[in-house]
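Here is a short report on one model.

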Amino acid sequence: MLTIFPNSELYKEIEAGHWQEETEIEKYRELRTLADNLNIPVWFAVGGASNAIPIQGTFPKDKKKVVSVLDKIIKSADEKELRNYRTNLHHL
C-alpha cells in the first residue's frame, strides 16, 4: 500500500495535477490481481501499518482463501473508512 507523504516529489506531482493516487479499494484490487496470478510457493503478507486489513497466507495452500478475503474487501469495504484509516496514521 502506497502512502504518499506531503514532503515527497510524488506529492508535488499530485498537487500539480500530473498524477492521481488510486482509491483504497483499487489498491485492494491490485493486491487481488497479484495474489490471483502468483503461481509460486510464497508467503503472501499484507500487514504493514498502512494496511487497514491485514491479510496473510502461504501459497499455493492459502491462495483461494486470500483471494476470497480480497474479494470480500473489494465488495464490502467502505472507501471512506479505509481512507480515513490511512489519513490518520500519525506514525508513518
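Phe59 is buried, with a relative accessible area of 2%. Buried means under 20% relative accessible area, exposed over 50%, partly exposed in between (1.4 Å probe, protein chains only). Phe44 is buried too.

| Residue | Relative accessible area |
|---|---|
| Phe44 | 6% |
| Phe59 | 2% |

This is a predicted model: local features need pLDDT of at least 70, side-chain atom pairs pLDDT 80 or more, while totals for chains, interfaces and linings use all residues. Numbering starts from 1 along each chain as its sequence is written, and side-chain values use heavy atoms, without hydrogens and water.

The structure holds one aromatic pair. The ring centres of Phe44 and Phe59 lie 5.2 Å apart with planes at 15°, so the pair is stacked. Rings of Phe, Tyr and Trp (its six-membered ring) pair with centres within 6.5 Å; planes under 30 degrees apart are stacked, over 60 edge-to-face, the rest tilted. Phe44 is in strand β1 and Phe59 in strand β2, 15 residues apart.

Strands β1 (residues 42-46) and β2 run antiparallel, joined by five bridges; pairing takes at least two DSSP bridges. Val46 stands opposite Ile55. In β2 (residues 55-59), Ile55, Gly57 and Phe59 form the covered face, Gln56 and Thr58 the uncovered one. Strands (E, at least two residues) and helices (H or I, at least four) are DSSP runs, numbered from the N terminus.

Helices α2 (residues 24-37) and α4 (residues 79-87) pack at about 90°, axes 8 Å apart.

How values were computed
Axes are lines fitted to C-alpha atoms, for helices over the stretch in contact, and angles run from 0 to 180 degrees between N-to-C directions.
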